[in-house]
Amino acid sequence: MNAFSAMFQRHTRGNNEIQDITEDLRKIVEKSGVRIGQLTAMVIGSTASLSTLEFEPGLAKHDVAAALETIAPADGHYEHENTWHDDNGHSHVCACLLGPSLALPVVDGGLPLGTWQQAVLIDFDTRPRHRDIAVTVVGI
């Protein structure tokens with residue numbers, strides 16, 4: 001069994017920005033040399049998430065943000081904001097709901113994603129951020 005770890009960084013604008021990180025993950029799998037196994041990735045921080053989706057303008061720029069706005073509206077009341085005197089309580093709720101990590105199988109040295117499926121970073125914070133993403137690939 002082999003194990004390989006790497007980190008990469010993305011600069012985001014926040015405010016529900018979604019970035020396609022599929023190629024970053026594919027390059028890490030290739031560099032790992034693993035042919036069969038699993039990749040796990042985690043964004044560091046409590047106001048961003050990793051997921052998969054069809055990275056197209058309607059879904060990536062509107063639909064995900066609109067759906068989460070109904071669950072955790074930006075103008076809602078959050079005790080977090082009372083505690084810390086900031087404006088990103090909804091960012092923490094959205095990130096908690098989607099989660100910080102992603103697990104993907106490695107098959108034949110690649111990631112078996114669907115034709116329209118990409119791995120994405122979603123930044124819910126209310127300001128630009130530098131996001132670190134930790135990745136581990138294990139397998140043979």
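Select phenylalanine 55 and glutamine 118: the backbone nitrogen of phenylalanine 55 lies 2.6 Å from a polar atom of the glutamine 118 side chain. A polar contact here is a pair of N or O atoms within 3.5 Å; within protein, one must be able to donate a hydrogen and the other to accept it, and residues adjacent in sequence count only if both atoms are side-chain atoms. The model is predicted: local features need pLDDT of at least 70, side-chain atom pairs count only at pLDDT 80 or more, and totals for chains, interfaces and linings use all residues. Residues are numbered from 1 along each chain as its sequence is written, and side-chain values use heavy atoms, with hydrogens and water left out.

Stay on glutamine 118, which is found in strand E6. Helices (H or I, at least four residues) and strands (E, at least two) are DSSP runs, numbered from the N terminus. With a relative accessible area of 16%, glutamine 118 is buried; buried means under 20% relative accessible area, exposed over 50%, and partly exposed in between (1.4 Å probe, protein chains only). Show what surrounds glutamine 118: leaving aside neighbours within four places in sequence, its contacts (heavy atoms within 4.5 Å) include Asp20, Thr22, Ser51, Thr52 and Leu113.

Next, select the sheet that holds E6. Three strands form this open sheet in the order E2-E6-E4, with antiparallel pairing; two strands pair if DSSP finds at least two bridges between them. Strand E2 (17-20) and E4 stand at the edges with a single partner strand each, so one side of each has no neighbour in the sheet. Neighbouring strands here are turned by 30° against each other on average, direction ignored. Axes are lines fitted to C-alpha atoms, for helices over the stretch in contact, and angles run from 0 to 180 degrees between N-to-C directions. E2 and E6 pair in the antiparallel sense over four bridges. Glutamate 17 stands opposite aspartate 123 in E6.

Now move to the other sheet. This open sheet has four strands in the order E1-E7-E3-E5, paired antiparallel. Strand E1 (2-12) and E5 are at its edges, each with a single partner strand, so one side of each is left without a neighbour in the sheet. Its neighbouring strands are turned by 20° against each other on average, direction ignored. E3 and E5 pair in the antiparallel sense over six bridges, and leucine 39 has leucine 104 in E5 as its bridge partner.

Colour the nonpolar cores next. A nonpolar core is a set of buried Ala, Val, Leu, Ile, Met, Phe, Trp, Tyr and Cys residues joined through side-chain atoms within 4.5 Å. The largest has 21 residues, and those with the most contacts inside it are Leu25, Leu39, Ile133 and Val135. Among the elements giving two or more residues to this core are helix H1 (22-32), strand E3 (37-43) and strand E7 (129-139). A second, separate core of 12 residues includes Leu68, Cys94, Ile122 and Phe124.

Finish with the cysteines. A disulfide is a pair of cysteine sulfur atoms within 2.5 Å, and the count comes to zero disulfides. For cysteine 94, the nearest cysteine sulfur is that of cysteine 96, 9.9 Å away. Cysteine 94 counts as buried, at 2% relative accessibility, whereas cysteine 96 counts as exposed, at 63%.
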